[in-house]
Amino acid sequence: MPGLAPKAQALSATIKTYYETLDSITSRGATNEGATRTAFQNLLTDWSKPARMVVLAEQTIAGTRKQPVRPDGVLVDDLKLRRGYWEAKDTKDDLEAEINKKIMAGYPLSNMLFEDTRQGVLYQDGQRRFVANLRQSTELRQLLEMFVNYQPPLIEDFHKAVAQFRQEIPNLAADLTKLIDKARLDNPQFKAALESFLELCRTALNPETTPAQVEDMLKQHILTERIFRSIFQNSDFVQRNAVAVELEKMVKALTSHSFSREAFLGGLDYFYRPIEDKARDIKDYDEKQAVLNTLYEQFFQAYSTRAADTNGIVYTPPPIVSWMVGTVQQALQSEFGQRLESPDVHIIDPAVGTGTFVMELIRRIPTSSLPDKYAAELHANEVLLLPYYIAALNIEHAYFERTGEYAPFEGICFADTLDLTNEPQPVLPGFAPANTERIEAQKHAHIKVIIGNPPYNVGQENENDNNKNRKHKYVDKRISETYAKASKASNKNALSDPYVKFFRWATDRLNGQDGIVCFVSNNSFIDQIAFDGMRKCLLQDFTRIYTFDMGGNVRKNPKLSGSKHNVFGIQVGVTITLLVRNSQHTSRELFYARVDECWTKEQKLKHLEEVGDYTQMEWQPLTPDNRNTWLTAGLNADFDSFLPMGSKEGKADKGLKSETIFKTYNLGVSTNRDDWVYSVRINELERKIKLFIETYNGEVDRWARRGSDTTPLDNFVLYDDKLMKWSSTLKARLTQGQHKSFDNKNIRRSMYRPFSQQYLYYDNLMVHRPSGFHLVVPTVEAEQENSIICVNGLSSNKPFQSLMINTIPNHDLLVTTQCFPFYTYNEDGTGRRENITDWALAQFRTQYADQTISKLDIFQYVYAVLHAPGYRSAYVENLKRDLPRIPFVPTLETFRAYAEAGGKLAHLHRDYTEVAPYPLERVETPGMPLNWRVDERGMRL
């Protein structure tokens, strides 16, 4: 279409596609709504994308006549505001009669589009605005433009205000910081209030709470309290809420000297008022709640990205909440003959967030049973201030909507759930007597159901972020003596993920009694190696396990999009798990279900709405293997009969008699600061290391001189990526007072990536995890004679790989690289010894009845097997879960052929810089400029 802008061309093509799709459907005799509406939905979806809106199919909303209605589609913008509604009808229907029925049923007419493939009728502001002949492309275009671009009252101002709100938050927080810093110096009343609140936090929440964290809570309270109060039209919020009362004491002290809260916030009316006006204008409470959650997410992403990262500031989609609560209801009924409303069924959400799960419980419990349940048997905890506020307000409003009466929600505690354990503890003061009483009441409650969305974040990648997951002494200890102890994995770091702690806490919180746990969480525990002990313990602790895998792991499958395929819009996979402990069961059963990996977020959520609860799903029974693997599809059992390349037990044995091929093996070097300790140029590496050491030594001295300063180490040291980068081991050495000096002998060659060497400063202080290569290639001379087989580590997202090298390998050479050297040495380079065990040598000599087989033959044979296409394809799933195991080939002649091939391949890989270049023929195309660029087409064989 010449003359049209690209956007206009795309929209015109969208209309053309709609007509073609519709004609294809109707030509086959299908004219009913179910057959034809998909075409219009696709058209509307494509038309809405440039406006950053999406069409959500079949959403139940509050109608204008106080009854729920379910239009075929709801147009939602990027702030979760509903911008329009669409209803499709059969081609043979009387459209006018159908429209009247929907209006009488309470369908909203703020921006409502009715269509039957022939005619479209658009209502806006309660009035009929436009009637279009949908077979005329110009009228169809006009209808779509009017519908999608409609700006309801207050919408434009609201969007601008939210954008300003997010943009201004850091500046507002900085202004408040200056006021607080000044008040700490010249306002004794404020200083006393601050110290009092800090002590409360340290005794009731976290003993490591810092003054900066308390000041953060104060700033959050000041910046958001007005919005909460006005949205909920609750003027006495700060007088009722236990935590707000304590924070208001600090606000009062802060404002007692020259600072006026009204003056400070009054100057911000230009973005507070549009937000408040629009929120008050929304009559549907579900939509109001969505707006509030959007503001909450916007605030946290702008105010504290680190808090959002650590605590998983993510809103749980309503279909997930509804499915989980419905599932718990059915499980209570089928397992125990009880229901949500049954007396003495205490229910807790241990990470309540903004209160969505408790609100759904309130909606499902019969009104006659609700007051008693609400007063004593619903419990919730939250450790972050803003979601705690929102949850309390949301839950109290939900109760008011159901009963017509206001009652404070006494079941919510401002507390860290993972600190509320079964271990005997002294009674700690809360933020107010009311909060303390609630905590104690909850600790003594007989919890039957635990439900929610615990945070998941395995931990910080960069120590300079100073954003670690908090340690919880009792729960961490329980994980160590259960999940970790039962694990055969060598790397168990993933067990520090908060969601794992919540599974452990929930299991213990049932106090050995019958009950139910239902969590939506990271799905890593289903199949990753590090969680084998957790899987084992879960099957010991519960009698029925149902896990519904919703996929969406972008890191595992790069073809997926987090925003499109993941139900939370995040990078890690998601699953819903139902755990049932019923002492009447005499066996343990495990069930699994999953959706198509390529389903979109909308498809997955729609599926949850359609199935309703776990009783309506098709479950696959699973039988774990003897290593607690749940998903065993594709694993070949004969793999276990092969000779193991290495094992943790073999490494621990003394001598060379362990029943593995290699006595020892190592992970590749994990520096935790590649940018500092690697370089392609020696002089550049030397410059960086000297700067790093100078900065580090200065911090050692500064720490030694700290005197009475009680600031924790993590908050004491200098964080500056231009001067150094911390790791946990480096901080430990600082506390030990270890200084460092530069030594040129520590500059070594390292295989950083396949066939890409760099210089590495290999030193046990500068390198986070040296991995023992001072005993594998301790000297430059050892590099000349040693060889190291490198393979993928376990749970790698990439296909199995193997590479022969003779220098220090980087941890990510082949992704969590495991390394099997031919020789090991003493630290000074003496005492060279072969790393192939005597046991392995005896196995091969016996198998082939040949006493001339050497350990070098075995080493080269192993390398050939690891590259054999048949081996890799047959055991692709086994190699994701285990270190390689090596089979015997049928004959001695074949063994010799493999060993010879392995030796030649090892030479090509290890000594690639010395290999003669492959002869290439230069081909030039007449009339084309000379171009040396090589793309994938030029690399084909």
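Trainee: At what relative accessibility does Tyr614 count as buried or exposed?
Mentor: This is a predicted model with residues numbered from 1 along each chain as its sequence is written, in which local features need pLDDT of at least 70, side-chain atom pairs count only at pLDDT 80 or more, and totals for chains, interfaces and linings use all residues. Side-chain values use heavy atoms, with hydrogens and water left out. Buried means under 20% relative accessible area, exposed over 50% and partly exposed in between, with a 1.4 Å probe and protein chains only. Tyr614 therefore counts as buried, at a relative accessibility of 5%.

Trainee: How many aromatic pairs does the count come to?
Mentor: Rings of Phe, Tyr and Trp (its six-membered ring) pair if their centres lie within 6.5 Å; planes under 30 degrees apart are stacked, over 60 edge-to-face and the rest tilted. By this rule the count comes to 40 aromatic pairs.

Trainee: What kind of pair do the rings of Tyr546 and Tyr614 form?
Mentor: Tyr546 is in strand S14 (residues 544–549), while Tyr614 is in the loop between helix H23 (601–611) and strand S17 (620–621), 68 residues apart. Helices (H or I, at least four residues) and strands (E, at least two) are DSSP runs numbered from the N terminus. Tyr546 is buried too, with a relative accessible area of 11%. The ring centres of Tyr546 and Tyr614 are 5.0 Å apart and the planes are at 75 degrees, so the pair is edge-to-face.

Trainee: How many residues apart in sequence are the parts that Phe755 and Tyr912 tie together?
Mentor: The rings of Phe755 and Tyr912 have centres 5.1 Å apart and planes at 80 degrees, so this pair is edge-to-face. Phe755 is partly exposed at 41% relative accessibility, and Tyr912 is partly exposed at 24%. Phe755 lies in the loop between strands S21 (747–753) and S22 (756–761) and Tyr912 in the segment after helix H34 (892–910), so the separation in sequence is 157 residues.

Trainee: Which ring does Arg832 lie over?
Mentor: A charge sits over a ring if NZ of Lys or CZ of Arg is within 6 Å of the ring centre and within 35 degrees of the ring normal. Lys448 lies over the face of Phe336, at 4.2 Å from the ring centre. For Arg832 the distance is 4.1 Å, and the ring is that of Tyr823.

Trainee: How are H15 and H17 oriented to each other?
Mentor: Axes are lines fitted to C-alpha atoms, for helices over the stretch in contact, and angles run from 0 to 180 degrees between N-to-C directions. Angles under 35 degrees count as roughly parallel, over 145 as roughly antiparallel, 65 to 115 as roughly perpendicular and the rest as oblique. The axes of H15 (residues 356–364) and H17 (residues 385–403) come within 9 Å and cross at roughly 10 degrees. H15 and H17 are therefore roughly parallel.

Trainee: How are H30 and H31 oriented to each other?
Mentor: H30 (residues 838–848) and H31 (residues 855–867) pack with their axes 10 Å apart, at an angle of about 85 degrees. In contact, meaning heavy atoms within 4.5 Å, Asp838, Ala840, Leu841, Phe844 and Tyr848 in H30 meet Lys855, Ile858 and Tyr861 in H31. H30 and H31 are therefore roughly perpendicular.

Trainee: What is the relative accessibility of Leu113?
Mentor: Leu113 lies in strand S6 (residues 111–115). Not counting residues up to four places away in sequence, Leu113 touches several residues, including Phe40, Trp86 and Phe147. Leu113 counts as buried, its relative accessibility being 0%.
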